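Q: I have just opened this one and would like a guided look at it. Could you take my questions as they come?

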Amino acid sequence: MRVQQITGGQGSHRVRRLSQLSLVAVGALVAAACGSTSSSTTANSSSSSSVSNPGVPSSLTLSSYTPDIASTMSLLKPLTTYATKGSTSLLVGVVLPDTTSSTRWVQNDAPYLTDAFADAGFTSAQFNVQNAQGSDPTQIDDATADINLGAKVLVVCPLDGPTGVAIAALAAAHNVVLIDYDRAIFPSSGKTYYVSFDNEKVGELIGTGFLSCLTSEKVSSAKVFVLNGGEDTDPNAISFASGYNKVVWGQAAKSVTAPATSTAGGATLVGENFAPGWNNTQGGTIFQQEYTANKQINASIEANDGLASAVITDLQNDGVTAGTFPTTGQDATVQGMAYILEGWQCGTVYKPIYLEAQDAVIMSIALLAKVTIPTNILNGTTVDPASASITEPASLLTPVWVNKANMESTVVKDQFDTASAICAIAGAALCTTDGIS
């Protein structure tokens, strides 16, 4: 039960201003937290006191999720029945960030989450999946509305830090459990969990793939420019950079000062910068300015496929030949897959979003049922890049590096990207050569 899909990036350079309306709403909801618990909650609790809690099925682990969402999530139906107690009102609210920083939020996350809740036994009245359309006030208003409708769990991918903190304050004030989805919030109070991929591992895969590509494309004495993601709004971008900087430059840091020499491959760092808010257009402009000023640059590390696409467009306009200038990415977009087959991009990090969606729904059900989340699901912690003393319990999934060699057995097999969509861009001849069908 799935539509076909694509993915992309994240985030925004400026710290967005929260509207007065939304701030008033935050204050009003926080103040209202001192009010009484709704009668419907009390009635549901008392009527279910004799029902046995089935718990999370022991067969469910992070490695047991598959693209067949129904086969996994149907195992949760007894726990969902216990957790929802026949409620006809909202219990779990999901608020995604936008439609522009990444196509994944619309084409992957929303339908996967909707399928996972439905296949786990939720009625359409018991959950709600919304998108803030890139607006901080809208994201806060969506969370506010969900809380007012009775949500006990919020699943939120914040647009930026201040918005996430404001929503976390709302959740804490109303005893609503918060699941940070894909991007961590690190609030000062309240019960919060994190569901994502191992973000430093994502960066390490980018770094390892880049070094491998220097060899395969015979780029010796590489002069490298690094284009980081939206480090101003998304802590994940910092973790990504820390991962590839550790692998390539031997420095696990969000930025490395040029010149620096690679730990392998004989590469030298010419410069680095970040794309504000994961903005691909701005990222392309940043690269073009750097490349114009430093024509010795002959390789580049990009934090995702959207930024890689912007860089590749610049290179094509500058007359660079495919297969001579390595670039990297993540998100396994259809365009990224085509660029890999065409030789413009070394590879990409595939993050199977069907895993993340199922993980978030399983955790939502467990939290709603007030059962302990098993350690084979809640398998780690995430650390605030700004303060190592601040952590959140986390469920961290495993990403995969994808290139020509394993594209068919990963993203195509999972129907994350269809062969027809990839080949419509790259051409039938390249797909045939590389076994994409």
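The chat below goes through sheets, helices, salt bridges and one glycine.

Q: Before anything else, what kind of model is this?
A: This is a predicted model, and the answers that follow should be read with that in mind.

Q: Okay, sheets then. In what order do the strands of the seven-stranded sheet come?
A: The order is β2-β1-β3-β4-β5-β11-β10 in an open sheet, and the pairing is mixed. The edges are formed by β2 and by β10, which covers residues 380–384, and each of these two strands pairs on one side only. On average, neighbouring strands of this sheet are turned by 25° against each other, with direction ignored.

Q: How many bridges join β1 to β2, then?
A: There are five bridges between β1 and β2, and the two strands run parallel. To find one of the pairs on screen, look at G93, whose bridge partner in β2 is N128.

Q: And what holds paired strands together in general?
A: Strands of a sheet pair through backbone hydrogen bonds, and the arrangement can be parallel or antiparallel.

Q: What about the sheet with three strands, what is its order?
A: That open sheet runs β7-β6-β8, and its pairing is parallel. Its edge strands are β7, at residues 268–274, and β8, at residues 299–302, each of them pairing on one side only.

Q: How many bridges join β6 to β7?
A: Six bridges join them; β6 spans residues 223–228 and runs parallel to β7. Within that pairing, K223 stands opposite T268 of β7.

Q: Which strands does α9 touch?
A: Helix α9, residues 235–249, packs on the sheet and touches β6, β7 and β8, with its direction making about 165° with that of β6. Helix α8, residues 199–216, lies across β6 and β8, and runs at about 165° to β8.

Q: Why do E200 and K246 count as partly exposed?
A: The class lies between buried, under 20% relative accessible area, and exposed, over 50%. E200 has 30% relative accessibility, so it counts as partly exposed, and K246 falls in that class because its value is 33%.

Q: How many salt bridges does the whole structure have?
A: A search of the whole structure finds seven. Another of them joins the side chains of R104 and D109, at 2.8 Å from N to O.

Q: Are R104 and D109 buried or exposed?
A: Both R104 and D109 are buried. Salt bridges that share partners also join R104, D109, D182 and E356 into one network.

Q: Switching to α5, how many residues does it have, and how far does it reach?
A: Helix α5 covers residues 104–119, which is 16 residues, and reaches 21 Å from its first C-alpha to its last, close to the 22 Å expected at 1.5 Å a residue.

Q: Why is α5 described as largely enclosed?
A: Of its 16 residues, 12 are buried, so α5 is largely enclosed by the rest of the structure. Among the buried ones are W105, Y112, L113 and F117. Elements that cover the buried residues include α3 (69–73), α4 (77–84), β1 (92–96), β2 (127–131), β4 (177–181) and α13 (353–369).

Q: Last one: where is G336?
A: G336 is in helix α12, residues 334–342, and it counts as buried because its relative accessibility is 1%. Leaving aside neighbours within four places in sequence, G336 is in contact with D305 and Q345. G336 and D305 are 31 residues apart in sequence, while their C-alpha atoms are 5.7 Å apart in space.

Conventions: Residues numbered from 1 in each chain as written. Predicted model: local features only at pLDDT ≥ 70, side-chain atom pairs only at ≥ 80, totals over all residues. Heavy atoms only, no water. Pairing = 2+ DSSP bridges. Helix = DSSP H or I, 4+ residues; strand = E, 2+ residues; numbered from the N terminus. Contact = heavy atoms within 4.5 Å. Axes fitted to C-alpha atoms, helices over the stretch in contact; angles between N-to-C directions. Expected span 1.5 Å × (residues − 1). Buried < 20%, exposed > 50% of the residue type's maximum accessible area, 1.4 Å probe, protein only. Salt bridge = Lys/Arg side-chain N within 4 Å of Asp/Glu carboxyl O.
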